Amino acid sequence: MDKVNFRQFLCMTFIVTISMKMFMLPVIMMRVAGRDSFVSLCLTMAADFLLLLAVCAVMHLAGEKNLFELLSSAFGKTFARAALCLVGVFYLFKLFVILADVRIFFSTSVFSSTMSPVHLLPLIVLMGYFAFKPASVTGRISELITPAVFVSMILLSLMTLPEVDFSNVLPLAAEGWERIFLGTYSFALWFGDFTVLLAMTGRVKNGGGRLYFSLIAAAVGAAFMLTFSTALFSAYGDMTEVLTYGHNISNMTQYGAGSYKFGRIDLIIYTLWLSAVLLSAGLMMIFFTRAVSMSFGEKAGRWTTVAACAALFVCTMIFSELNRVTEFMSSVFWAPALVVQYLFPLLCLIAAVVCRIRGRRAAKEATA
């Protein structure tokens with residue numbers, strides 16, 4: 001069945017909240033905004049909560065309609081195809097960033113040398129697998145992953161956070177708001193992830209008004225992400241010059257209380273967290289595949305997905321300078337990320353409202 005239940009949608013929301021932000025984002029954000037990255041992160045998370053609210057409203061109002069049916073009913077099929085394909089292609093670039101983040105993490109925290117692009121081939125194949133399976137498969141996997149990720153976060157919190165002096169992030173905005181705003185919009189590519197949940201429009205069983213409870217799942221995930229990120233901001237806020245792109249929260253916990261008491265168990269925990277990243281990447285590939293399939297047919301969607309997976313692998317072979325990849329993506333794609341990830345849901349919300357108004361008018365005319 002190509003549907004997910006409400007519980008599975010909550011799990012997806014929780015995973016999407018933390019997945020792309022947990023590994024490299026705190027460090028690259030701190031290199032721009034310093035310890036005031038805490039404020040930047042709070043601002044971006046507030047914007048993401050509004051985004052999730054808009055996504056839930058779209059899915060609630062859409063009912064059983066998928067995205068293409070929703071957009072084409074309001075704006076026409078040509079516009080719907082163009083909008084969906086544009087967002088789908090954008091997610092291919094975001095997937096490439098995820099692959100770069102995974103390589104950086106394993107190259108610096110797990111392996112003794114740089115991770116080969118060949119190691120990413122199974123991951124790319126897995127993303128293709130997600131794209132060709134019904135939504136129920138993704139939903140069941142999210143149910144399996146979420147408890148493990150949640151428990152691992154609790155364990156890492158108990159091991160490390162008691163030794164962190166969170167007061168080191170004070171005073172807030174000590175260096176002015178310019179760096180804070182720069183740290184807010186420069187990394188828009190790492191935020192706006194809730195837009196990908198629109199791939200499940202019309203596919204949540206008995207969703208309705210209950211969809212808004214996903215804000216609670218997002219709040220829990222955001223609390224974890226903000227807590228661990230602030231621990232890093234507190235530890236290195238005054239000496240960001242020592243940080244490299246490979247430095248991440250896992251490196252911080254290596255020197256925390258949990259390391260000398262429990263060994264490098266944080267690596268096991270981060271490996272569990274990586275499963276959340278894989279599911280989030282799978283959702284992005286699902287969005288791309290369904291955007292093409294809804295616009296041009298199932299056959300076109302399958303072949304285009306295969307070509308996209310091949311292109312991603314080739315790009316990982318060609319662009320091996322991971323630091324430059326991160327710099328390029330953050331400096332160039334922040335504007336497209338803001339437009340696509342925040343404007344597209346608003347566009348869908350307008351379409352949903354238009355369709356709802358037209359539906360009520362038609363019902364009144366039918367009963368008149």
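Why is α1 largely enclosed by the rest of the structure? Eleven of its 13 residues are buried, so the remainder of the structure largely encloses α1. Buried here means under 20% relative accessible area, exposed means over 50%, and partly exposed lies in between, with a 1.4 Å probe and protein chains only.

Some ground rules come next. This is a predicted model, in which local features need pLDDT of at least 70 and side-chain atom pairs count only at pLDDT 80 or more, while totals for chains, interfaces and linings use all residues. Residues are numbered from 1 along each chain as its sequence is written, and side-chain values use heavy atoms, with hydrogens and water left out.

Now the overall picture. The protein has 15 helices and zero strands. Helices are DSSP runs of H or I with at least four residues, strands are E runs of at least two, and both are numbered from the N terminus. Of the 368 residues, 55% count as buried. The accessible surface is about 15,400 Å², and carbon and sulfur atoms hold 68% of it. That area comes from the Shrake-Rupley method with a 1.4 Å probe; for residues, only the protein chains shown count as cover. Among contacts with a separation of 6 or more, 88% join residues 24 or more positions apart. A contact means heavy atoms within 4.5 Å.

Back to α1. It covers residues 6–18 and reaches 19 Å from its first C-alpha to its last, close to the 18 Å expected at 1.5 Å a residue. The expected span is 1.5 Å times one less than the number of residues. The buried residues of α1 include Phe6, Phe9, Met12, Phe14 and Ile18.

The Thr17 side chain reaches the backbone oxygen of Thr13 at 2.6 Å. Leaving aside neighbours within four places in sequence, Thr17 is in contact with Met45, Phe194, Ala218, Gly221, Ala222 and Met225.

At 30% relative accessibility, Asp2 counts as partly exposed. Asp2 touches Pro134, Ala135, Arg203 and Arg290, not counting residues up to four places away in sequence. Asp2 and Met200 are 198 residues apart in sequence, yet their C-alpha atoms are 9.3 Å apart in space.

Helix α4 (residues 67–75) holds Ser72. Ser72 counts as buried at 17% relative accessibility. A polar atom of its side chain lies 2.6 Å from the backbone oxygen of Phe68. Beyond its neighbours within four places in sequence, Ser72 is in contact with Lys77 and Ala80.

Next, the core. In soluble globular proteins, nonpolar side chains tend to be buried together. A nonpolar core is a set of buried Ala, Val, Leu, Ile, Met, Phe, Trp, Tyr and Cys residues joined through side-chain atoms within 4.5 Å. The largest one here has 105 residues, and Trp190, Leu198, Met285, Phe287 and Phe344 touch the most other members. Helix α5 gives the most to this core, with 16 residues. Trp190 touches Met20, Lys21, Leu25, Ile28, Val97, Asp101, Thr326 and Ser330, not counting residues up to four places away in sequence.

Which aromatic rings form a cluster through ring pairs? Phe90, Tyr91, Phe287 and Phe344 do. The structure holds six aromatic pairs. One of them joins Tyr91 and Phe287; this pair is tilted, at 5.3 Å centre to centre with 55° between the planes. Tyr91 is in α5 (residues 77–110) and Phe287 in α12 (residues 265–296), 196 residues apart. Rings of Phe, Tyr and Trp (its six-membered ring) pair if their centres lie within 6.5 Å; planes under 30 degrees apart count as stacked, over 60 as edge-to-face and the rest as tilted. Tyr91 is buried at 1% relative accessibility, and Phe287 is buried at 3%.

Ala281 also lies in α12. With a relative accessible area of 2%, Ala281 is buried. Ala281 touches Leu95, Ile98 and Met127, not counting residues up to four places away in sequence. The C-alpha atoms of Ala281 and Ile98 are separated by 7.3 Å, although the two are 183 residues apart along the chain.

Methods:
A polar contact is a pair of N or O atoms within 3.5 Å; within protein, one must be able to donate a hydrogen and the other to accept it, and residues adjacent in sequence count only if both atoms are side-chain atoms.
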